[in-house]
Structure formats: C-alpha cells, structure tokens
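Me: I have a structure open and would like to learn how to read it. Can you take me through the helix packing, the backbone and the ligand site?

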Amino acid sequence: MSLILFGAPGAGKGTQSELLIKRLGMTQISTGDLFRAAIKGQTDLGKKAQEYMDKGQLVPDSIVIGMVEEVLQKGVKEIILDGFPRTVAQAQALDELLVKMNLSIGKAIFLEVPMKILMDRLTGRRVCKNCGSVYHIVSKPTKMEGKCDSCGAEVIQRNDDKAEVIETRLKTYEEFTSPLKEFYKKAGKFTAVDGNRGTEEVYTEIEKIIK
Ligand code: AMP
C-alpha cells in the first residue's frame with residue numbers, strides 16, 4: 001500500500017520512512033531530500049528552492065508538483081510520500097497525478113507531536129553532510145563528537161533547523177499543512193498516530209495500519 005506521511009517539521013516522518021524502506025522495501029519520495037540533493041548539486045531547481053528553504057518558507061506549489069510528477073513518472077510503487085503534499089493545492093494536484101498515472105494512496109498518516117517536543121527535536125537535530133544520517137544531540141548523539149557513525153563525515157545543523165527559522169517553519173506548517181487533516185478526513189484516508197513515543201512503538205503502529 002502506498003501512503004502519505006505528514007505532520008509538523010520534527011514529527012518523525014524521515015525516521016519512520018527510513019524504517020519502512022529498510023523493513024518493508026517501500027520507496028520514499030521526500031521532497032525535502034530531493035531539494036537538498038538539488039542544492040548540493042547546485043542545479044537551477046536547487047538554487048530556487050534554497051531561497052525559500054533557508055527562510056523556513058514553502059517552495060512554491062508549481063515547483064514542488066512538477067518535481068513530484070517527474071519522480072512518479074519513473075514508475076515507482078509502494079511509495080511513502082514524506083513531506084508532500086504540504087498544502088491543499090498540492091494535495092489536489094496529487095489526486096490528479098495519481099489518477100493520470102493509475103496509482104492510489106491507501107492512507108494519509110498524520111504523526112501527532114506536541115509543539116514543545118517539536119522544538120526540542122528540531123533544535124537538537126544534526127545531520128551528516130555526506131550521507132544524510134540523522135542524529136540528535138541528546139537522544140541520539142554520534143559516537144565521536146561531530147563525526148557521522150556511518151561514514152565518518154562531518155555532522156552539522158541544517159540551516160533551517162536554526163532557532164529563528166524553526167519558528168517560521170512551525171507557523172508555516174500550522175497555516176498551510178495543518179488543513180490537510182480535514183482534506184484527508186473527507187477523503188476517508190486520514191489516520192492519526194501518536195508520534196510522541198519511541199521510534200519502534202510508532203513504527204509498530206504504522207505497520208499495523210498499512211498491513
Ligand atoms: P523537510 O525536509 O521535509 O523538513 O523540508 C525542508 C524544506 O523543504 C521545507 O521547510 C520547505 O522549504 C521545503 N519543502 C519540502 N517539501 C515541500 C513541499 N511539499 N512544499 C513546499 N516546500 C517543501
């Protein structure tokens with residue numbers, strides 16, 4: 001079954017996607033990761049996206065939708081949409097794309113996490129510059145300070161995880177992404193999962209929902 005994972009920044013979408021890929025062989029489409037790869041590759045798309053990302057704003061719908069369409073055209077199945085859609089306009093465009101490509105989404109899983117916890121998770125998050133492995137200064141520190149456990153490269157704080165940007169991202173989430181709850185309730189696909197628990201507990205519930 002293909003699914004949408006959505007929730008505020010720091011809700012655990014990336015962490016849960018990683019487990020779904022490893023254990024169920026699903027394919028992740030993370031628009032945030034795609035943008036970060038484009039920035040690293042210094043493509044035109046990356047340059048455009050960076051302007052918005054560094055400020056904690058959403059990249060315009062037309063850019064995001066075009067990028068997702070390209071990926072879907074590659075014929076992926078059993079997908080996890082991680083961080084997309086993030087606006088109602090994106091959700092509507094996704095519905096159209098799915099019909100066009102004869103694909104369907106079984107569930108839109110909402111990871112629910114209190115605001116205070118989101119702030120702690122985001123300000124403490126560190127990522128590997130090279131392989132993208134994710135750490136947290138308190139709950140999941142690297143074994144050697146500042147060095148990735150997997151590849152040894154430098155571990156840094158994402159530009160958009162700095163305190164001043166986080167505030168904008170959380171506000172942006174409330175205004176634009178939160179209405180997706182209603183959108184997917186109406187579509188009969190909405191399921192909320194308490195994301196304020198250990199990674200494995202959250203994963204077990206998600207697996208039950210999709211199996
Ligand atoms: P993420 O890694 O999912 O937290 O995304 C990082 C940033 O990428 C967001 O704060 C946005 O600036 C941008 N972004 C990712 N996905 C989308 C999307 N679906 N729509 C608009 N902007 C996005």
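Reply: Start with how axes are defined. An axis is a line fitted to C-alpha atoms, for helices over the stretch in contact, and angles run from 0 to 180 degrees between N-to-C directions. Keep in mind that this is a predicted model.

Me: At what angle do H2 and H3 pack, and how far apart are their axes?

Reply: Two packed helices are described by the angle between their axes and the distance between the axes. Here H2 and H3 pack at about 120 degrees, and their axes are 8 Å apart. That angle makes H2 oblique to H3. The crossing of the pair is left-handed.

Me: How should I read the angle between H4 and H5?

Reply: Angles under 35 degrees count as roughly parallel. Helix H4 covers residues 61-72 and helix H5 covers residues 88-100; their axes cross at roughly 25 degrees and come within 10 Å. H4 and H5 are therefore roughly parallel to each other. Their crossing is right-handed.

Me: Now H6 and H7. What is their packing angle?

Reply: It is about 135 degrees, with the axes 11 Å apart. H6 is residues 115-124, and H7 is residues 163-177. The angle makes H6 oblique to H7. H6 passes H7 in a right-handed crossing.

Me: Next, the backbone. Which peptide bond is cis?

Reply: Most residues other than glycine have a negative phi, and most peptide bonds are trans. In this model, a cis peptide bond joins Phe84 and Pro85, with omega about -5 degrees. Pro85 sits in the loop between strand E3 (79-82) and H5.

Me: What is phi at Gln42, and where does that residue lie?

Reply: Phi of Gln42 is near 50 degrees, a positive value in a residue other than glycine. Gln42 belongs to the loop between H2 and H3, the latter being residues 44-53. So look for this residue where the chain leads from H2 to H3.

Me: On to the ligand. How many residues surround it, and which are closest?

Reply: The ligand is surrounded by 16 residues. Thr31, Arg36, Gln57, Gly83 and Gln90 are the closest. Six residues of the shell are nonpolar, five are polar and five are charged.

Me: Which helix gives the most residues to that shell?

Reply: Helix H2, residues 31-40, does, with four residues.

Me: Which polar atoms lie by the nitrogen atoms of the ligand?

Reply: Take side chains, then backbone. A polar side-chain atom of Thr31 lies 2.7 Å from a ligand nitrogen. For Gln90, a polar side-chain atom is 2.9 Å from a nitrogen of the ligand. Val59 uses its backbone: a polar atom there is 3.0 Å from a ligand nitrogen.

Me: How much of the ligand does the protein bury?

Reply: Taken alone, the ligand exposes 480 Å². The protein buries 96% of that area.

Definitions and conventions: Residues are numbered from 1 along each chain as its sequence is written. This is a predicted model: local features need pLDDT of at least 70, side-chain atom pairs count only at pLDDT 80 or more; totals for chains, interfaces and linings use all residues. Side-chain values use heavy atoms; hydrogens and water are left out. A residue is near a molecule or strand if one of its heavy atoms lies within 4 Å of it. A polar contact is a pair of N or O atoms within 3.5 Å; within protein, one must be able to donate a hydrogen and the other to accept it, and residues adjacent in sequence count only if both atoms are side-chain atoms. Accessible areas come from the Shrake-Rupley method with a 1.4 Å probe; for residues, only the protein chains shown count as cover. Helices (H or I, at least four residues) and strands (E, at least two) are DSSP runs, numbered from the N terminus. Ala, Val, Leu, Ile, Met, Phe, Trp, Tyr, Cys and Pro count as nonpolar, Asp, Glu, Lys and Arg as charged, and the others, Gly among them, as polar. Angles under 35 degrees count as roughly parallel, over 145 as roughly antiparallel, 65 to 115 as roughly perpendicular and the rest as oblique. A crossing is left-handed if the near helix is turned anticlockwise from the far one by less than a right angle, and right-handed if clockwise.
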